[in-house]
Amino acid sequence: MGKSKSFVKKLFIDPCPLLEYFVNEDDDDIIKAIVGTDGIQEMLDVHTVFPEYAAHIAQRMKIPYTPHYPPISLEETMAFLSRPISERVTKFLTDRKFPLEVAPNYGISSWKWGEPHQYTSWKNYFPFNRDAMLISSAILANLGFVVDLTQEEFMTTVSYDRRGVMNCLVFRFVDEHISSLMCKWLFSHGRQATFGLEKVDPSKPVYVVEGLFDYIALDLMGEGQSVGLGSAFISDAHWKFLQGLDLIFLLDSDYTGRKYSQRLKAEGHKVMFLDNRYKDPWEYFSAKESLKMVDL
């Protein structure tokens, strides 16, 4: 059995999903006992750039908070996404058998704090915020996990809505200790990534898969149009973006994917299951095998 992620450590790298989805509203005192009301406010300052998302979490945690994020510059964001892929992220991708020549088609780039940039509209967001990353590094060191987050690298990409408007800038830790023990992905606008949605023909069925790589796998394999959510958990924001589409859910064949698939099927949604040979569409693609789907 793989190592489970540490709730407390994740709280200081990627707190928003915990505050929104995994802490019961009646249990907000647990988080307040750990970081205090001021700590939650500071988390909302640096771990998202989406005012609606931050205001929702603040209301859920019953704390006063007025989001004051600078407007995100589209020009800066496009410049960021056009960055060349670093050597370390290149290795991360090639280890996953990712065909590097298609990376530009999916907006894949890389990031490490300290590289020359003028992304001022993003400066407060965690991967760009040196002070916030150093504070989190110090807290993690006190918890027994020694890391300098300002020296860590991310694979980066972007997610759009049906109109082609950005709804998330996305960062993937390439360090496997961080991704296995704390978190893999950071989402600038919360759990609402919809990879591939801007390419969808609404008159045709759409497979809904868990992640970026699964969406890319189906796209490259020609298995039909798909949208990747960045999670097996389907948030209210995901449902809003997917509204009106003919959806077929194709989540991973692991325990979590099966659990959510069975729940979706019980709710009346169209659900297909992968056989147990491979966990997800990306593993099929990497093995150069066609998808094997079953209707349980």
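**Figure 1. Asn-129, a buried residue in a loop.** Asn-129 has a relative accessible area of 13% and is therefore classed as buried (buried means under 20% relative accessible area, exposed over 50%, and partly exposed in between, with a 1.4 Å probe and protein chains only). The model shown is predicted: local features need pLDDT of at least 70, side-chain atom pairs count only at pLDDT 80 or more, and totals for chains, interfaces and linings use all residues. Residues are numbered from 1 along each chain as its sequence is written, and side-chain values use heavy atoms, with hydrogens and water left out. The loop that holds Asn-129 runs between β1 (109-112) and α7 (130-142); helices (H or I, at least four residues) and strands (E, at least two) are DSSP runs, numbered from the N terminus. The side chain of Asn-129 reaches the backbone nitrogen of Ala-132 at 3.1 Å, and a polar atom of this side chain lies 3.3 Å from the backbone nitrogen of Asp-131. Such a polar contact is a pair of N or O atoms within 3.5 Å; within protein, one must be able to donate a hydrogen and the other to accept it, and residues adjacent in sequence count only if both atoms are side-chain atoms. Not counting residues up to four places away in sequence, Asn-129 touches Val-46, Trp-113, Lys-123 and Asn-124, where contact means heavy atoms within 4.5 Å.

**Figure 2. Ser-86 in the loop between α5 and α6.** With a relative accessibility of 16%, Ser-86 counts as buried. A polar atom of the Ser-86 side chain lies 3.2 Å from the backbone nitrogen of Val-89. Ser-86 is also in contact with Ser-110 and Glu-153, when its neighbours within four places in sequence are left aside.

**Figure 3. Lys-62 and Lys-97, two residues with positive phi.** Lys-62 is not a glycine, yet its phi is positive, at about 60°. The position of Lys-62 is in the loop between α4 (51-61) and α5 (74-81). Its relative accessible area is 52%, so Lys-62 is exposed. Lys-97, likewise a residue other than glycine, has a positive phi near 60°. Lys-97 belongs to the loop between α6 (87-95) and β1, and its relative accessible area of 55% makes it exposed.

**Figure 4. Ile-178, a buried residue of helix α8.** Helix α8 comprises residues 176-181 and includes Ile-178. The relative accessible area of Ile-178 is 1%, so this residue is buried. Apart from neighbours within four places in sequence, Ile-178 is in contact with Ile-13, Phe-145, Val-147, Leu-149, Glu-152, Phe-173 and Cys-183. Asn-24 and Ile-178 are 154 residues apart in sequence, and their C-alpha atoms are 25 Å apart in space.

**Figure 5. The whole protein as the setting of the close-up views.** The protein contains 12 helices and 10 strands. Its radius of gyration is 19 Å, close to the 19 Å that the globule rule gives for 296 residues, so the protein is as compact as a globular protein of that length (the radius is taken over C-alpha atoms, and the rule is 2.2 Å times the number of residues to the power 0.38). The C-alpha trace spans about 50 × 45 × 40 Å along its principal axes. Of the 296 residues, 54% count as buried. Among contacts with a separation of 6 or more, 61% join residues 24 or more positions apart.
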